Amino acid sequence: MAAHAPTIGGPTVQSTHTPDGNVGRITVEGLGKQFGPVDAVRDLSFTVEPGSVTGFLGPNGSGKTTTLRMILGLVGPSTGTALVEGIPFAAHCSPGRVIGAVLEVQGGHPKRTARAHLRAAAAAIEVPDSRVEEVLALVGLTDAADRAVGGYSLGMNQRLALAAALLGDPRILVLDEPGNGLDPDGIAWLRAFLQSFAASGRSVLVSSHQLAEIELTAQRLVVIDHGRCRFDGPIDALRESQSGRVLVRPADPAKLAEALVAEGLTEVDAVDDGWLAVAGADAVRVGDVALAAGIAVYGMTEERVGLEQMFLRLLAGENV
Amino acid sequence: MSTAEVPGPGLLARIGPGHRWRAVLRSEVRKTTSVRMYWLLLIPIVVLALAMSLFGSLITLLVPGATETSPVLLLAGLASTLSAVSIVGGAFGALASSGEYRHRTVTQAFLTGSRGQVLGSKVVVAAGVAAAYGLLTALLGPLLGGAVLGGQTLPGAGELLSLGLVGMLVCALWGVLGVAVGTLVPNQAGAVALVVGYSLVGENVLAGVMRVGDDNGSVFARLTSFLPGNAGDIALYESPVNAAGQGADGTQILEFLAGVSSPPPGWVALLVLLAWTAAAVALAAVVGGRRDIT
């Protein structure tokens, strides 16, 4: 932390100066929100690191949207803190330049054109109107810019919301289910866009229940269920913690199984048509064992555990 | 770690620099001019101005010897038109602020400016638009009235100017009151119904109850002058009553027109309306500042 960092409990730091180490970082600590008797979010802690796409996963009603809205200062937390670059969202002088957000489908006034909607936002963020044309072109809405947004499709509304989020050229993007309503082309485009956005050293926090989409985009993962954090870390760490297995089709399954057990690979199951499933090893290891035992191998494939299965195991409360 | 332990920014930092307020205001102006609402509300205003002018001049034409009083009638007609237009101004403010919740654009607004800045810019824009409604009425009323009256005696320029200025002020304050109500009651239909319904019916009922069985003596009856709608009416009707120059009778005419007992001077009435407006905006700032946008 830089010398400017506010000391907790010490004298209040008046400036909105951001400690250098916090650029692009979101820090959520002990965050909780009660709506009446309902605990929407409970004791949630995680960080979003600059230069990465963080996937925010959870089933419907798990508290994802509430958490994102607390980060953005739209919902006041009951407990804990959500800090954007070290300070609460509302303490930023010009929040639109720090963080851009795509929340629920939130186009604009149905009678207002997309261009007018973006120009109003551009005025508030203090960026020139030329920036409006840039973001319109970026999301592919230039031709529809003078149409009232009331006639927009779900996908067009999502593109408009993304355009608005990008107006201030923010260091952080927060997206709540951005894939909703996008066609496959749009989803592929968004995936590439988010990856390049993060590769430029900025950060992305994207929520989804589309697990496969997150798996392809995110490097880090936060999984919540019933308002509680189930996992927070690199997606690779989650994958490595899962025991994958190798499917192998040897000339002599029984002989290979014997050889594998002798090598300490005891979880060997015979599956259909002379295939063996070997847990706790990769293809190289199995191939070496087969070669040493002098058994011909006709086919071999590594079976990866998909994020979906990991996700379901997480939600079932299993340890990962 | 609890919320209280995080060092919050000082008051000055929370208010933010002036350029941010101007930026959010510019955004609000662009939002206002990019939808039709502000000029669609001109339709009831023109209709009101026409109706009042015709009504006033019809009396002048029907009543024998009314030509001498026509300036008073025109001023009275204009004052009552301005009173009605101030309700339209209030409706504009309520529509503008509650519309942000209805169309969920409030999220975008709060992501690009602080809540104080958003409320402040709405206050300024609503005051400006409602004052423009008042100005239009003040210009249109005498023109239409004069056209119908032909060569009749028109009120003096000074009387028209002062009534026009008071009218613009009353309209502006009602526009701001509307913004506060629309922030406190984010349901758009509810907010507009509250502003219009209170102005047209609610306050009359309230004043009636306060004055019941009373000959202007009780505290409650005197308090009727301090209701926001009546306060605005007192300020507006002071000009025609003064023009009539009836002395003590003038006070009774004013009491009749504004529906109050023992009215204070017009400038006090304006301050009363200002106080109501300031209180409503302060309440809206607190409630709107804490509201969860889900």
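Reader: Where in chain A does A:Asp169 lie?
Author: In this predicted model, A:Asp169 is in the loop between helix H5 (154-166) and strand E6 (172-176) of chain A.

Reader: And what's phi doing at A:Asp169?
Author: Phi there is near 45°, which is a positive value, and A:Asp169 is a residue other than glycine.

Reader: Is A:Asp169 buried, exposed or partly exposed?
Author: A:Asp169 has 48% relative accessibility, so it counts as partly exposed. The cut-off for exposed is over 50%.

Reader: OK, on to A:Glu177. Where's that one?
Author: A:Glu177 sits in the loop between E6 and helix H6 (184-199) of chain A.

Reader: What's phi for A:Glu177?
Author: Near 50°, again a positive value in a residue other than glycine.

Reader: Buried or exposed, and why, for A:Glu177?
Author: Buried, because its relative accessible area is 11%, and buried means under 20%.

Reader: Switching to chain B. How many helices and strands does it have?
Author: Chain B has 13 helices and zero strands. Along the sequence, its pattern reads α-α-α-α-α-α-α-α-α-α-α-α-α.

Reader: How much of chain B counts as buried?
Author: 49% of its 294 residues.

Reader: What about contacts in chain B, say between residues at least 6 apart in sequence?
Author: Of those contacts, 83% join residues at least 24 apart.

Notes:
Residues numbered from 1 in each chain as written. Chains lettered and ligands numbered in written order. Predicted model: local features only at pLDDT ≥ 70, side-chain atom pairs only at ≥ 80, totals over all residues. Heavy atoms only, no water. Helix = DSSP H or I, 4+ residues; strand = E, 2+ residues; numbered from the N terminus. Buried < 20%, exposed > 50% of the residue type's maximum accessible area, 1.4 Å probe, protein only. Contact = heavy atoms within 4.5 Å.
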